[in-house]
Amino acid sequence: MTPRDRRSLLSGLGFTSLWIVGFGTFVAYPMLASLFYSFCDYSILKSPVWCGFENYQTLVRDDLFWKSLRNTLFFAGLAVPLGTITALSLALLLNCEVRGRAFFRTLFYLPSIVPVVASSMLWLWMLNGKFGLINALLAPVLAPFGLTPPVWLADPAWAKPALVMMSLWGVGNAMVIYLAGLQNVPRELYEAAAIDGAGAWPRFRHITLPTIAPVIYFNVIMGLINALQIFTQAFVIAEGAEGNPARSTLFYTPYLFSTAFYDLRMGYASAMAWVLFALIAGLAWLATRLMRDSLH
Amino acid sequence: METAAEKSPAPVRASRARASRRQYVIYGLLACAALVFLTPLAWLLATSLKPVEQTMSMPPTWIPRTHSALLDGERVEVSRDYQVTQPGVIAEITAGPEAGRRLLFTDEQAAARQAEIRVLHRVESGWWRVTERSATNIVARTARWDVVPPEAIESRVRFRWENYPKALVALSGKSVEEIEAEARRGASAPAAAAPASDAPGFSTFLGNTLTVCVLGVLGVVFSNALVAYGFARLRWRGRDTFFAITLATMMVPFPVLVVPLYGLFKQLGWIGTLLPLWAPAWFASAFNIFLLRQFFRTIPEELSEAARIDGCSEFAIFWRIILPLSKPALATAALLHFLFAWNDFMGPLLYLTRQKSFTLALALQSYQSQQSGVQWHYLMAASAVTILPIVLLFFFAQKTFIQGIATTGSRS
Amino acid sequence: MSPFGRARVLRRGVLGAVLATTFLRAAPDAGRIHLSYWEKWAGIDSAGMRAVVAAFNEAQSRYVVEYLPVSQIERKVVVATAGGDPPDIAGLWAQNVASFADNEAILPLEDLVRRDGGTTDQWLARYYPVYADICRHQGRMFAAVSTPATIALHWNKALFREVGLDPERPPRTLAELDEFSRRLAKRDPATGAILRLGFLPQEPDWWPWLYCAWFGGQLFDGRAVTLGTDPRNLAAMRWVAGYTRDAGLASVTTFASGFGKYGTPQTAFLNGKIAMMFQGVWFNNFIQKFRPGLDYGVAPFPAAQAGVEDFTLAEADVLVIPRGARHADGAWEFIKFVNSHNAHAQNRSELQGMELLCFLQQKNSPLRDWSPFFTQHHPHPHIAEFRRLSASPHAIRIPDVGVWQEYDRECKAMFERVRLLVATPEEAIAYTHARVSASWARHQLSLVRHGQLAEAPSPTRAP
């Protein structure tokens, strides 16, 4: 290593030193510690006792683990694509030259900043099977076909879709990122396309989409990470780890949380957390592969 | 996109017609979306202005109303409790241990107890039982009540703006009634007017929230800018590997970290203090490093080179050249963290143990009580108050915000 | 008593309590030891306990108790205890005692009792037996009652009258409950939609396991989980499923989604959508608040087994001292104060400790002895019935199992699956039995690992 290399290494490390400390303290240490706990019988109140692979073995046999995993994947499988479409559509609308953009942007962003306790309660009311606003609108539409709207959160089959609907209301963050991405689409390309007489869809398909593909990739990955960790809404609406009705809304993180902080099984919860990490990493890798293939 | 349409070679008129038709479609779609997004919020506001018994009525009502009726010859504000399903009489018990109680009797009951009751008036089915609304009664049962025909009830729209100050007072976990009684006591006996209450209230929670937000934002901006500079503008061995690891940490789910972090904060003696909520922000985080790094890389390298030739230190370049050019990106990182910290529920839920260190997001829970039900009107009013500052912040900062992300995203 | 006399006494009491709190707050308390007390009640319910706290602070000069309402209290106490900064006194629920004790989160109280002279049995003899039992975990005393809540059948007399039932005669047997329920049900003649039901097991769904116990089923025999081995548990779940089947799943679900949330004026019973409901003594507070004047009665659970009358569940809020509390001595003094009373109280101002608390909260006292004033002027119109039920030999408590939280949660899931006809009662019970047994085995293994239990876990019986 030349002195110049060493100097640059030192200044590089110097600038990143805060992160090195932060990474070590708030990421690496907790990760290793939780890996250790995942091999222990541990409640936070008593000292950990090593128990080998017991937690992982129990996990494989734990019905609720599988159930919460299935519920979570179902939720993410619906919420991520629908959320992407919703957020992107809103962003495209707001990207047009319209009056009051600031107002609309704020309005669409608003739900993401309403305190969850309040927004969950709003949705409990919106989704009420008998008197909720959604069914008040749906009932007349379905009536001619002899159908009645679902009772949403009271029906094991419809509770998860109801939560997906609720999550679509909070796409503000993703929308803002798409808006930013759309600002980077070069105007000249649109103008050239317009001269060629290309319609709205071809322009979107061949200009907008390829340009913002990295933004979509980023949002999908972040959306996936968030959807797999769905917590607060489920926690408030499904009353913690119960996942009513009939455990149809028992999701992974709430189950993990209640295992850790209500049943005081920190070791088991750590094992669950590591499985979740592996899952997210795997899915992110898969998404990256798919993305790369579709771009080439 | 509109400019593209205007410049099209097609006849100007047709193009204009098409453009305006498109405008209508766009506004139509926007209006629909706005309606979908507004409805729950409108309901939040409507609820915050209602009396509690109208908040969760089934079927739901939108408009807050107030009712008044004649009780003992005096027109007072009442709550409509329920409609009587059977005709009968209102009578006062005149004998026995229950003497003095006024009750609603069916005709047969009244006949059976004829000797010990005094009939006051008749009641028909469909009449409303009404109770005097009185904010100062601690025990509702002392309020006056009667059963009156529907037409005797005057009903009009009234928005209860007083819910707002009351909601903020009630954040301390005490009931409004208790606090009002204390206040009256304080006013009538100035000698005893000690600092009104030792229970932490809205101002405490707001102060805590602001502390967490401001200290966190300062930390986020300072630490991430510094670290991102190291990744974006310096060349050193291992940089790209370390950066890749950094990006990978974005995938680590919070549950993996939560238990050991809890243990760590416990060792540091931070449990029950605000430190766990803002101190980690001073040590950078993957997302913000990424955001700022992307932005820093868009600044021409020549600027740094020129400064280096002039003998500037790396830190001086960072501080005097790069930072001033990066205001939109820094503002974005700051705003994102502010919004996150303002609403963070999980962190305070885990680490704060004492009421006096609660943040607003956590304090909102105090309207939910196991035994006396949720005070919906106060919950919604306090929520509205809580979100107002960040709504305004977002409204005025959104352009910079989106600009900040846009510039960083272009070369990702 | 003058018109509204009782109410006036009560109001004066609450106001007095509030004033006392204010006054005492202003008084100098320099040199006194501050005790922090976390309690789950907020709003009106806390007024009673605040009054007792004020009285305690006035009654002695060594300690000052600070009352703090805390939401999600059981988790907060765990977290604070683990973090080394617990309150001195915590107000938990009876159901938390076993798990907190097994996790060494709360202190056994024997030493403190012994120091005052006497044994825990002597100390606990002040309570009705079922309440004494609630304070114990595996024979050791870990808690004291703060306020009890005995559960009883509440019935709407007006609705009974409407369908021609005797409003003064509640169902006395299970068969009668079912029959009355059928007679009380009402449907829209045009659409067939349910307008009213006599009884609905899911309203409220807080104690699904209680139906098992009510049917005579045993949930835990002290060594093993017996949910799946006792056929009476199955009978109870079949009975639950029967209610859904009778009324029709879709109709019931739609009907029930029109209920307001519990604790609002739209609570089904208060609205007349349900005519009979199991509720605790606290329910009168909701009735007074949201349906004043509702004509209702209170009765024991209808007999589900021959010869078992006056069945009830005794629940309680309890006071505990978390491990690591700085002032356990002071905490114990406060707990004793709450559990004292003036046996000769003749008027409101003479009420003390537990009776002051239960009077203001309008609940029954868990103490065997009630003062004349408390007995005669209690604001709850049916308090005598609750007292009688607390003393019943068939009053049961929540099972003393270290994994009760999981057991309870599993039972709720079992109940949901049964009532929604997602699973047959047999499947649901067998499944739940297996899960809870595994939890219990694991819990015992953990106790052995941490040196809290000598023997290896006993094998659990298969259903």
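This is a predicted model: local features need pLDDT of at least 70, side-chain atom pairs count only at pLDDT 80 or more; totals for chains, interfaces and linings use all residues.
Reader: Which residues of α8(A) are the buried ones?

Author: They are A:A159, A:K160, A:A162, A:L163, A:V164, A:M166 and A:S167.

Reader: How do you know that chains A and B are in contact, and how many residues does each give?

Author: Two residues are in contact if their C-beta atoms lie within 7 Å. The contact takes in 76 residues from chain A and 77 residues from chain B. On chain A's side, helix α2 (residues 17-37) gives the most, with 13 residues.

Reader: What makes up the side of chain A that touches chain B, by class?

Author: That side has 57 nonpolar, 15 polar and four charged residues.

Reader: And what does chain C put up against chain A?

Author: Here 24 residues of chain C are in contact with 24 residues of chain A. On chain C's side, α19(C) gives the most, with seven residues. By class, the side of chain C that touches chain A splits into seven nonpolar, nine polar and eight charged residues.

Reader: Over to the strands. Why are β1 and β2 of chain B called a pair?

Author: Strands pair if DSSP finds at least two bridges between them. Strand β1 (residues 65-71) and strand β2 (residues 74-83) of chain B are joined by five bridges, so they qualify as a pair. The two run antiparallel, and B:A69 stands opposite B:V76 in β2(B).

Reader: What sits between those strands in the hairpin?

Author: The hairpin of β1(B) and β2(B) has two residues between the strands, and B:D72 takes a positive phi near 50°.

Reader: What makes β6(B) a partner of β2(B) too?

Author: By the same cut-off of at least two bridges, β2(B) and strand β6 (residues 128-132) of chain B pair over five bridges, in the antiparallel sense. B:Q83 stands opposite B:W128 in β6(B).

Reader: How confident is the predictor in chain B, and where does pLDDT stay under 50?

Author: Chain B averages a pLDDT of 81, and 83% of the residues score at least 70. The stretches under 50 include residues 1-8 of chain B, where the model has 18 contacts beyond four places in sequence. Residues 136-141 of chain B also stay under 50, with 20 such contacts in the model.

Technical notes. Residues are numbered from 1 along each chain as its sequence is written. Chains are lettered from A and ligands numbered from 1 in the order in which they are written. Helices (H or I, at least four residues) and strands (E, at least two) are DSSP runs, numbered from the N terminus. Ala, Val, Leu, Ile, Met, Phe, Trp, Tyr, Cys and Pro count as nonpolar, Asp, Glu, Lys and Arg as charged, and the others, Gly among them, as polar. A residue is buried if 20 or more other C-beta atoms lie within 10 Å of its own, exposed if 12 or fewer, and partly exposed in between; C-beta atoms are placed from the backbone. pLDDT is the predictor's confidence in each residue, from 0 to 100.
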